[in-house]
There are 2 protein chains.
Amino acid sequence: MARPREFCIDQALFKALNVFWRHGFEGASLTDLTEAMGITRPSLYAAYGNKEELFRKALDLYDETYMGFTQEALKKPTARAVAESLLMGFAEAATAVGHPPGCLGTNSVLVCSEASEPIREELMRRRASLEATLRRRFEKAKAAGELPPESHPGDLARFIMTTVHGMSIQAAGGVTRQSLLRVADMALKAWPD
Amino acid sequence: MARPREFCIDQALFKALNVFWRHGFEGASLTDLTEAMGITRPSLYAAYGNKEELFRKALDLYDETYMGFTQEALKKPTARAVAESLLMGFAEAATAVGHPPGCLGTNSVLVCSEASEPIREELMRRRASLEATLRRRFEKAKAAGELPPESHPGDLARFIMTTVHGMSIQAAGGVTRQSLLRVADMALKAWPD
DNA sequence: GCCATAATATACCGATCAGTCCAGAACCGT
DNA sequence: ACGGTTCTGGACTGATCGGTATATTATGGC
């Protein structure tokens, strides 16, 4: 009973995601965003709220679209298989064609002006969340006697996530998939047995 | 034969370095910088050129002041000792008190707007430079029979630098020195023997 | 004391930032 | 055909961005 929206919300959000991915939250201007999305500013604000909300929605879409493999990885039968699946998955995701290199959650806001602090904190929260999930998975494995008694699930999770973040930076610097897969392979050599 | 400068160039540069470290290149505004440095804009431009040149000078000062340990690490007698020294050194540097957490070279520009592309490329160049130096050191070690013949110096250097970059991100997220040292320790378990 | 020189502080520049006002246009229900 | 409602486009807001013109002030040499 009113004028219909002339663009697809999810499709335009996908375009926005790519801009944020390439330029980060602060580096992506509203002009960049609206041009890529093919809509005007009032349409953007009516549909998504503001730049910050748009970014959070883009982040959710990113998780659904590109980070699904992490949930699959967590289902692997052994802790080592989980670690391997995560490392290999990130190496491949960070170097896939069709989108910018690296991980959005890692690269888009690391340091920023005071104004973007809430977004920075949100990203830190999400990074910590995956690490905590991983740690719990490793704790379960240790309790099941699958990891040696002297191993520390928290350290293992932190090491895996550290490698993952590092791979994201390397990918942003142009490092190839094959190279990152070898990095993942080498990281697995540190795994306890 | 002219009015003397009322501030110390190196001391003010040090203040600027801290602002860039905390907020990144784009996140640090000229207002932030001049307030921290205790000087006015014209003084800043007369002394350092512009924001970009100021950042490059701050980067040089950063290398001299905080990255000296890398040169020391490269002088260690064995490849493994080099790797260990680098990892431990970065873990400690990234979590030292008195300055922001993480590594300036890693965190200050990862993704950015088109306008800052030259700075981003400069940082990628510097990151790649250290990795190349490390690779050459490992090649020497391999030639000396110190590393197994099937080892790949390039992969080893890339793995170390990936861990280092990841530690910088973890530090920026508030991870403690002890935790990063354990990450470094675990990474060393992947070292060939 | 006075000049040349260079650093200072204020006030400003055009450009761009995120965000919004408003007029017109497209739709649905009646 | 006509309201009521919602989206669209362009023009605009105040604030902030990096950078600068200008007038003043402090110095050393003469």
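Predicted model: local features only at pLDDT ≥ 70, side-chain atom pairs only at ≥ 80, totals over all residues.
Start with the charged side chains. Side chains of opposite charge can pair when their charged atoms come close. Over all chains, the count comes to 28 salt bridges. One of them joins A:Arg126 to A:Asp60, with N and O 2.9 Å apart.

In chain A, A:Glu122 pairs with A:Arg125, and their closest N and O atoms are 3.5 Å apart. Both belong to helix H8 of chain A and are three residues apart, or about one turn of the helix. A:Glu122 has a relative accessible area of 13%, which is under the 20% cut-off, so this residue counts as buried.

Over in chain B, B:Glu122 forms a salt bridge with B:Arg126, with 2.8 Å between the closest N and O atoms. Here the two residues are four apart in helix H8 (residues 117-143) of chain B, again about one turn of the helix. B:Glu122 is buried at 12% relative accessibility, while B:Arg126 is partly exposed at 23%.

A network of salt bridges links A:Glu52, A:Arg56, A:Asp60, A:Asp63, A:Glu122, A:Arg125 and A:Arg126.

The structure holds two cavities of 30 Å³ or more. The largest cavity has a volume of about 200 Å³, and 22 residues line it, those closest to its centre being A:Glu26, A:Val111, B:Glu26, B:Ser108 and B:Val111. Helix H1 (9-27) of chain A and helix H1 (9-27) of chain B each supply at least two residues of this lining. By type, the lining of the largest cavity splits into ten nonpolar, ten polar and two charged residues.

The second largest cavity holds about 50 Å³ of space. Its lining includes A:Trp21, A:Tyr62, A:Tyr66, A:Phe90 and A:His99. Two or more of the lining residues come from each of H4 and helix H6 (79-93) of chain A. Eight residues of the lining of the second largest cavity are nonpolar and two are polar, with no charged ones.

Conventions:
Residues numbered from 1 in each chain as written. Chains lettered and ligands numbered in written order. Heavy atoms only, no water. Salt bridge = Lys/Arg side-chain N within 4 Å of Asp/Glu carboxyl O. Buried < 20%, exposed > 50% of the residue type's maximum accessible area, 1.4 Å probe, protein only. 1 Å grid on protein atoms, 1.4 Å probe; cavity = no way out; pocket = protein on both sides within 12 Å on 5 of 7 lines; lining within 4 Å. Points joined across faces, edges and corners; volume = space filled by probe spheres on them. Nonpolar A, V, L, I, M, F, W, Y, C, P; charged D, E, K, R; others polar.
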